[in-house]
Amino acid sequence: MLKNFIVIALRNLRRHSTYSLINISGLSIGIACSILILLWVNDETSFDKFIPKSEKLYQVWGSAEFDGQITSWRSVPLPTYDEMKIAHSNIANSAVTGWGGSRLMTVDETRIMQDGYFVSEEFLEMFEFSLIRGNASEVLDDPSSIVISESLAEILFKDSDPMGQIVKVDDKSLLKVTGIVEDVPDNSSFEFDYLIPWKHRESINPWVVRNKTNWGNNSFQIFVELTDASKEAEVNEGIHDILTEKGQNDVPRWFFLHPMEKWRLHSNFENGVAQGGMSDYVQLFTAIAMFILVIACINFMNLSTARSERRAKEVGIRKTLGSRRGQLIMQFYGESILISIISFAVAILLTLVALPSYNDLVGKQLFIDFSSSQFWVFSAVIIFATGILSGSYPSLYLSSFNPVKTLKGNIAVGKAGNTPRKVLVVLQFFFSILLIISTVVIFQQIEMAQKRELGYNQENLITLPSTDAISDNFEVINQALLRTGAVEAMTRSNSSITQVNSNNFLGWPGKPESQRVMFVTIATEYDYAKTMGVEMLYGRDFSREFATDSSSIIINKAALDLMGLEDPIGTQLDLWGSKMNLIGVIDNVLMGSPYEETRPTFMIKDPNWGGPVSIRLSATNDLQASLAKVQEVFEQYNPAYPFDYSFVDVAFQRKFTTINLTKKLASIFSILTIFITGLGLFGLAAFSAQQRIKEIGIRKVLGATVPSLMALVSKSFSALVIIAFVLATPVAWFMLNNYLERYPLRVEIAWWIFPLTGLIALVFALSIVSNQALRAAKTNPARSLRSE
């Protein structure tokens, strides 16, 4: 019986090759798209899962309430590190980390800039990154040690044994290699090529030592390991009031634990509650994957039921010969699963072909692990789910035929299958219209953010990391650069102009006692406004002509609006218990998220904060020549380091990495969804036209014109698209409105998007259906009616 089913299934595929090709093409493309999307989803949801104790690891976060709103941040005071060790009996360990940034690693003639962290000695014991050499409990004990990645070890030491060898860091610190760690996977919250003991940071940075007992400086990343993850709520309660107990009671403040398993997907907090992050995109693309797969399955169901008349007599004969309905259902399910198996095999080939380009698009190294049991379980689920979903209606529908009526030719198969097919076509276009509208709105949201007024000039603006040599020779380098004629201005600040690194409170005359506002803080050098191309609205920038500028302050327009100062210049502002003289007001500068309002900001002149150097290149037609002159100066005064610069406009575009990816993927998969829908519509329209060929022949004999016949065939499909549009419009508006609510700055959903999308869908459908209708209308009636 099974052999007979398989033979018949293969025979049907071969006999109706066009419809089989449409079915297999639609399903294989749909499955391939779903696999590609789910590979990305799996990578996102697997972040940090390789760490053995990930379910027990947490980061200590702080929250505070300002003016009725709760703000949460991941940086906390340094004393939290020691306090956590005794704060609760269920805290097994704690660790502190600090971003080490890009540092120069030198061994003999090999020099390379690498990223990494300063970490306390507990770090590797808690996070258990795989060590190739060394003991996790010992490798970070010595302040003059360093742990390096496998890749960095190969670069620095080639084929020699790295253990015990000396690496010169930043051209001054001599650190001994005590451990080699496996290269960190891409799906890790920590990405590093070196780990340097926290004790070493204390020995080279007095600022860190000064903050060991300072509960007012939230600049450090603290992590804890719990003995039992189920005790999280109990530990949260135990550490909640530590900040208040330590004297930080100007506003309500508290600690809470953020579990490692949520770092990637739930990183955004709104009013003290986790409100998503990458989880929003994971849910979005999982839904798209399901949409595409369902649309591909609908194609199969539609074409199978449409061709049911061809198989009606087969069903009648089988029932007459004793076949039970259950056997027929199994036969049709078997045929559906067979098509799913073939489609899945084709989909795997399509996925393997597309993966290199797809990886470039998403910035990952995704692959299909054929050795994984999970892959084969997933394959079986996809094959059977697709086969059963696709074959459910055809199986139940075909097996219900009455054998007597079927063999007499009295069964109106086409009419009986019309309503379900119409519902499925509506459903296909419903999903397609939904995706098109969503893609258009996402495009508009991105465009709105990218076209925002920046408040500074990105053109010819570069940044490079500062070093001790640059700090020591800053003024000399500045003058040397100006003499080249290739540079207009140079400055340095505690953060680049594309990000916010520090926030502090500021007082002003007339400020309500209860009002607490966090200001973005920029600690800078001379010529900040000139270098960045920021407009001075009132007053002046910090200047070498004024020796008192170390006690002066500059604010932005958002801060001025907040303070309500009518004559701001000369106003005394309160900062850290001292009076600061307001000397200038700059225009608002977009440093943070492009989807948020510009925050109140103040600037002070304090080069001791460190930070990157920013350089405004002179306007030129030969940018490379200008860069060569700048490089020559830095090689003279900063010879140990490579000239490692970056353009600010490139850094700014990184803010759009995730949402640009969303835009590209949504666009690609929307097009593929429309293609799959069109593929099924083509087959359905061809069958519909063929089914009505005699009716068309009779109408043509009676004088019907070709346009009227085309309208006759196309009318029913047009109605289905219109129904789908009517249903999709309110759903799309509701979903997109909820999606946009996460952005403080958002586009308004334009009304014209909906009718335009509906019109596009209608024209697309008619272009496919009309082609088949035209062929049927032009058929010679003598041929279609010769058997009558």
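1. Ile 462 has Ile 615 of β23 as its bridge partner. Strands β14 (residues 461–464) and β23 (residues 613–617) pair in the antiparallel sense over 4 bridges; pairing requires that DSSP finds at least two bridges between the strands. The model is predicted: local features need pLDDT of at least 70, side-chain atom pairs count only at pLDDT 80 or more, and totals for chains, interfaces and linings use all residues. Residues are numbered from 1 along each chain as its sequence is written, and side-chain values use heavy atoms, with hydrogens and water left out.

2. The open sheet consists of 4 strands in the order β15-β23-β14-β24, with antiparallel pairing. Because β15 (487–492) and β24 (646–647) stand at the edges with a single partner strand each, one side of each is left without a neighbour in the sheet.

3. Helix α17 (residues 474–484) packs on this sheet and touches β15 and β23 (contact: heavy atoms within 4.5 Å). The direction of α17 makes about 165 degrees with that of β15; angles run from 0 to 180 degrees between N-to-C directions. Helix α20 (residues 623–637) lies across β14, β15, β23 and β24, at about 140 degrees to β23.

4. In helix α5 (residues 150–157), the buried residues are Leu 152, Ala 153, Leu 156 and Phe 157 (buried: under 20% relative accessible area, 1.4 Å probe, protein chains only). Seen down the axis of α5, they fall within an arc of 105 degrees and so line one face of the helix. The buried residues of α5 pack against β3 (91–107), β4 (110–119), β6 (145–149), β7 (166–169) and β8 (173–181).

Note on methods: Buried < 20%, exposed > 50% of the residue type's maximum accessible area, 1.4 Å probe, protein only. Helix = DSSP H or I, 4+ residues; strand = E, 2+ residues; numbered from the N terminus. Arc of directions from axis to C-beta.
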